[in-house]
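Please keep the sequence and the structure in view while reading.

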Amino acid sequence: MRKIFLMAGCLLMTALAKAQFNTITFKPAVFTAEDNVTFTIDVSGSDVAGESELYIWTWCNKEADPANYPGKDGITNTDWNSAPAIAKMTQKTGNIFEFSFTGTSMYGLDPGKLKHFQFLIKTKNGSKKTADSPKFPFDPIVFIPSAYRVFPGKVGVSDMINLYFHQDLATNSDEQRMTPKTVTVTLYDQSDAVIGQPKTWNLLSEGNKVWSYSFIPNFAWTIPNNTTVKRFTWHFDGTGVDANGKPVPVTGTTNEKTIDALK
Amino acid sequence: MQKYFFLFIILATALFACKPETIHDIGQPFDKLKSMEGNWQLQKVVQADLNAIKYGFPYKEIDITSKAPFTEFKVAFTLNNGSPAAFTTTPGGSPKIINLPSGSWKVDNAQTPKLVTLINNLDTVKLDLATYSNLGNGQLQLRVTKRLDGKDLLRYDYYFKKI
């Protein structure tokens with residue numbers, strides 16, 4: 001019983017620690033590593049709430065493929081115990097702070113080498129700090145081939161979304177061998193609840209081991225009023241054969257994409 | 001003497017080669033609005049990823065006409081004394097590429113329209129007149145650019161044919 005309480009406590013603390021990152025807004029909302037971006041965050045409820053001087057500590061590409069996206073600290077990370085002036089955030093009001101930067105300048109990497117970044121907010125001497133932020137992506141500036149390609153790169157709820165399965169780029173042996181048949185798409189709302197029912201469609205062969213399907217979220221689904229479509233997931237499925245040559249179903253990797261409020 | 005003779009021949013040729021030219025009237029300017037008046041049916045839809053174009057990605061745009069029953073979509077424009085008056089859309093089974101059933105329309109410049117605004121009460125849809133070429137031949141190309149936080153990200157080119 002105590003274990004359950006401990007686990008629940010840990011989960012609650014983690015959720016609270018991450019909560020302030022729900023308040024973050026980026027301007028522009030979409031940015032490449034070459035764009036100057038300003039983010040605003042409300043640190044209420046975090047360990048640094050109530051402080052008037054706050055500093056950023058940031059890094060990029062954590063857990064990304066190091067060959068393509070080397071991990072690196074921002075130029076703000078000089079001394080944990082004495083943050084430099086360039087790391088200082090601007091206090092807008094109370095617990096709301098703002099910081100501006102450009103990815104390439106902050107991390108000293110070419111734009112094609114920057115995938116995502118994270119940060120935490122701290123006091124100058126590092127005695128108080130927030131949890132690590134989630135990973136925030138840079139809009140790609142170079143094309144990265146992928147088995148699961150989506151065209152276009154940014155989509156809204158009324159846009160044609162084209163899903164492609166490039167089987168020759170699959171890294172999963174089951175997906176490499178399967179005969180692709182269908183794609184199953186699930187839509188999620190702002191509360192992460194599934195909208196309607198997942199839909200399964202037959203794939204179209206584009207030739208050269210490429211399969212595709214295209215759909216428009218608000219055309220394929222009836223979106224209830226006051227519902228915002230926030231993301232969708234999809235997986236390509238097909239058939240393979242087992243060791244005895246018997247056909248078996250193969251379920252592909254589930255992928256996810258954000259649906260933006262394009263206007 | 002021979003020199004003067006040649007000079008005389010050259011001058012005579014030049015003088016007799018000249019003749020009064022009739023400069024024809026260039027006529028009335030091509031009336032783009034008049035050409036837009038009428039009923040149009042969607043023939044082709046091209047979707048472009050502006051980020052992919054900007055950064056030279058291999059996949060920049062695709063023809064999505066066959067991905068949905070787009071070709072059922074119709075739009076009609078009327079004029080009143082040569083000025084934009086009313087529009088009506090008839091989607092049929094097509095996605096509603098213009099999400100307004102009817103209303104009024106206006107352009108930014110009557111002689112050289114670039115921006116077409118469709119208005120239905122408080123709702124508006126803005127489209128660009130992508131080109132004038134072939135407008136007089138019953139082909140209309142309207143363009144919609146979609147943005148996020150002021151950044152152009154997506155472009156749709158809608159090719160209509162007069163019916």
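The model is predicted.

**Chain A as a whole**

Chain A contains four helices and 17 strands. Its C-alpha atoms fill a box of roughly 65 × 45 × 45 Å along the principal axes. Of the 263 residues in chain A, 44% are buried. The accessible surface of the chain comes to about 13700 Å², and carbon and sulfur atoms account for 52% of that surface. When contacts between residues at least 6 apart in the sequence of chain A are considered, 60% of them join residues at least 24 apart.

Chain A is divided into domain 1, covering 2–137, and domain 2, covering 148–258. The centres of these two domains, taken over C-alpha atoms, are separated by 32 Å.

**The contact between the chains**

Chain A contributes 34 residues to the contact with chain B, and chain B contributes 28. About 2400 Å² is buried between the two chains, with 61% of this area given by carbon and sulfur atoms. On the side of chain B, the three residues B:Tyr59, B:Lys67 and B:Leu148 supply 24% of the area that this chain buries against chain A, more than any other three residues.

**Backbone details**

| Peptide bond | Form | Omega |
|---|---|---|
| A:Lys27 to A:Pro28 | cis | near 0° |
| A:Phe151 to A:Pro152 | cis | near -5° |

A:Pro28 lies in the loop between β1 (25–27) and β2 (36–42) of chain A. A:Pro152 is placed in the loop between β9 (148–151) and β10 (161–166) of that chain.

Positive phi values also deserve attention. A:Asn226, a residue other than glycine, has a phi near 65°. This residue is found in the loop between α4 (217–220) and β15 (229–241) of chain A. Is A:Asn226 buried or exposed? The relative accessible area of A:Asn226 is 76%, so the residue is exposed.

In chain B, B:Asn134 has a positive phi of about 75°, although it is not a glycine. B:Asn134 belongs to the loop between β7 (123–129) and β8 (139–148) of chain B. The relative accessibility of B:Asn134 is 36%, and the residue therefore counts as partly exposed.

Terms used: Residues numbered from 1 in each chain as written. Chains lettered and ligands numbered in written order. Predicted model: local features only at pLDDT ≥ 70, side-chain atom pairs only at ≥ 80, totals over all residues. Heavy atoms only, no water. Helix = DSSP H or I, 4+ residues; strand = E, 2+ residues; numbered from the N terminus. Buried < 20%, exposed > 50% of the residue type's maximum accessible area, 1.4 Å probe, protein only. Contact = heavy atoms within 4.5 Å. Areas by Shrake-Rupley, 256 points an atom, 1.4 Å probe, with all protein chains shown as cover. Domains from an automatic or database assignment. Buried area = accessible area lost by both parts, 1.4 Å probe.
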